Amino acid sequence: MDSSNKAFGSCYINGAYRYLYSTDLIEANTKYNAVLTYDGSVLKFYLNGVLQDSYASTKGITSPSNSTIYVMGANPYGSTAKSHYLKGNIYKLKKRERKI
């Protein structure tokens with residue numbers, strides 16, 4: 001969640017972290033299902049099964065200079081800024097490297 005109470009997902013793609021944001025505000029004490037997918041051409045962010053944001057790129061997911069490819073519950077640049085970490089709980093986390 002960012003400072004405007006929106007959920008977001010990010011991935012290092014096409015030479016930079018790409019942030020995809022929800023259109024809806026996140027409410028406290030509510031469970032959400034957030035999914036970030038990449039099919040080789042479009043990075044997509046879903047919240048509760050509804051597409052929220054997307055980013056088109058065929059450049060592929062690569063490793064940045066700090067080697068942080070996957071981050072859940074934090075901003076990858078947030079190592080010194082506590083405001084970049086999730087203030088809540090992650091109930092279940094899955095990472096797949098194939099189409100589902």
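Here are a few friendly notes on the structure above, which is a predicted model.

1. Confidence comes first. The protein chain has a mean pLDDT of 77, and 70% of its residues reach 70 or more. Within the strands, β5 (residues 50-56) has the highest confidence, with a mean of 94, while β1 has the lowest, at a mean of 82.

2. Next, the overall layout. You will find five strands and zero helices in the protein chain. Following the sequence, the pattern reads β-β-β-β-β.

3. The largest nonpolar core has eight residues in all: A7, C11, I13, L20, I26, L43, F45 and L47. Two strands, β1 (6-13) and β4 (42-47), each supply at least two residues of this core. When you look at β1 here, please keep in mind that its mean confidence of 82 is the lowest.

4. Setting aside neighbours within four places in sequence, C11 is in contact with A16, Y17, R18, L36, L43 and I61.

5. How much of the protein chain is buried? Of its 100 residues, 23% are buried. The chain exposes about 7300 Å², and carbon and sulfur atoms supply 49% of that area.

6. Last, a word on contacts along the chain. Taking contacts with a separation of 6 or more, 35% are between residues 24 or more positions apart.

How values were computed:
Residues numbered from 1 in each chain as written. Predicted model: local features only at pLDDT ≥ 70, side-chain atom pairs only at ≥ 80, totals over all residues. Heavy atoms only, no water. Core = buried A, V, L, I, M, F, W, Y, C linked by side-chain atoms within 4.5 Å. Buried < 20%, exposed > 50% of the residue type's maximum accessible area, 1.4 Å probe, protein only. Helix = DSSP H or I, 4+ residues; strand = E, 2+ residues; numbered from the N terminus. Contact = heavy atoms within 4.5 Å. pLDDT = per-residue confidence, 0-100. Areas by Shrake-Rupley, 256 points an atom, 1.4 Å probe, with all protein chains shown as cover.
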